[in-house]
Amino acid sequence: DYKGLRGEAVATLRRMRDLNGRPGVDIERWQSSEPEADLGIAPIFARALLPTTCTMCLLAFFLNFSYYGSMYALPSVLPGLMVGASMLASLLFATVVEIVGLGFAVSLCRRVTRKAA
């Protein structure tokens, strides 16, 4: 009875079983594989996940560095590249491009599934 939520979990599993049309699936006999004690962030630094953790940290660092660095430097760089554009126009241009890119990303995420065929 993990934190007193077993009844709620069984009710959810019962509903999922019924929605999937699988009345023969046993939902009463199961055990949580979740540890009783909270281990904090220690598991992501275990030997098995350490390369993945380091890779994700480096990716987050470089993506943030490049994104926020370009947002900081773009207003002073773009006027030299765009003939007759002021810093304000450069910022507005960057904002419009970012919003269009985010809209494209959202629409792509809604169309592309992560499930295997």
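Visitor: How many aromatic pairs does a search of the whole structure find?
Guide: This is a predicted model, and a search of the whole of it finds three aromatic pairs. One of them joins phenylalanine 61 and phenylalanine 62 in an edge-to-face arrangement, with 5.2 Å centre to centre and 75° between the planes. Another joins phenylalanine 61 and phenylalanine 65; this pair is stacked, at 5.9 Å centre to centre and 20° between the planes.

Visitor: Why does the pair of phenylalanine 61 and phenylalanine 65 count as stacked?
Guide: The angle between their planes is 20°, and planes under 30 degrees apart count as stacked. Their centres are 5.9 Å apart, and a pair requires centres within 6.5 Å.

Visitor: Where do phenylalanine 61 and phenylalanine 65 lie?
Guide: Both are in helix α2, which covers residues 50–81. They are four residues apart, about one turn of the helix. Together with Phe62, they form one aromatic cluster.

Visitor: And is phenylalanine 65 buried or exposed?
Guide: Phenylalanine 65 is exposed, since its relative accessible area is 59% and the class begins over 50%. Phenylalanine 61 has 48% relative accessibility and therefore counts as partly exposed.

Visitor: Changing topic: how many disulfides does the search find?
Guide: The search of the whole structure finds zero disulfides. Cysteine 57, for instance, is in none; the nearest cysteine sulfur belongs to cysteine 54 and is 6.5 Å away.

Visitor: Why is that no disulfide?
Guide: A disulfide needs two cysteine sulfur atoms within 2.5 Å, whereas the sulfur of cysteine 54 is 6.5 Å from that of cysteine 57.

Visitor: How accessible are cysteine 57 and cysteine 109?
Guide: Cysteine 57 is partly exposed, with a relative accessible area of 49%. Cysteine 109 has a value of 62% and is exposed.

Visitor: Let us step back. Which elements make up the protein chain?
Guide: The protein chain has three helices and zero strands, and from the N terminus on its elements run α-α-α.

Visitor: What share of the residues counts as buried?
Guide: Of the 117 residues of the protein chain, 8% count as buried. The accessible surface of the chain comes to about 10,300 Å², and 67% of that belongs to carbon and sulfur atoms. As for contacts between residues at least 6 apart in sequence, 17% join residues at least 24 apart.

Visitor: Which residues form a nonpolar patch on the surface?
Guide: Ile41, Ile44, Phe45, Leu49 and Leu50 form one, with about 450 Å² of accessible area together. Isoleucine 41 lies in the loop between α1 and α2 and is exposed, at 60% relative accessible area.

Visitor: What does threonine 53 touch, apart from its neighbours within four places in sequence?
Guide: Threonine 53 is in contact with Ile44 and Phe45, which are both members of the nonpolar patch. Threonine 53 itself is in helix α2. Its relative accessible area is 11%, so it is buried.

Methods: Residues numbered from 1 in each chain as written. Predicted model: local features only at pLDDT ≥ 70, side-chain atom pairs only at ≥ 80, totals over all residues. Heavy atoms only, no water. Phe/Tyr/Trp six-rings, centres within 6.5 Å; stacked < 30°, edge-to-face > 60°. Buried < 20%, exposed > 50% of the residue type's maximum accessible area, 1.4 Å probe, protein only. Helix = DSSP H or I, 4+ residues; strand = E, 2+ residues; numbered from the N terminus. Contact = heavy atoms within 4.5 Å. Areas by Shrake-Rupley, 256 points an atom, 1.4 Å probe, with all protein chains shown as cover. Patch = residues over 30% accessible without salt bridge, like charges linked within 9 Å, V, L, I, M, F, W, Y side chains within 5 Å. Salt bridge = Lys/Arg side-chain N within 4 Å of Asp/Glu carboxyl O.
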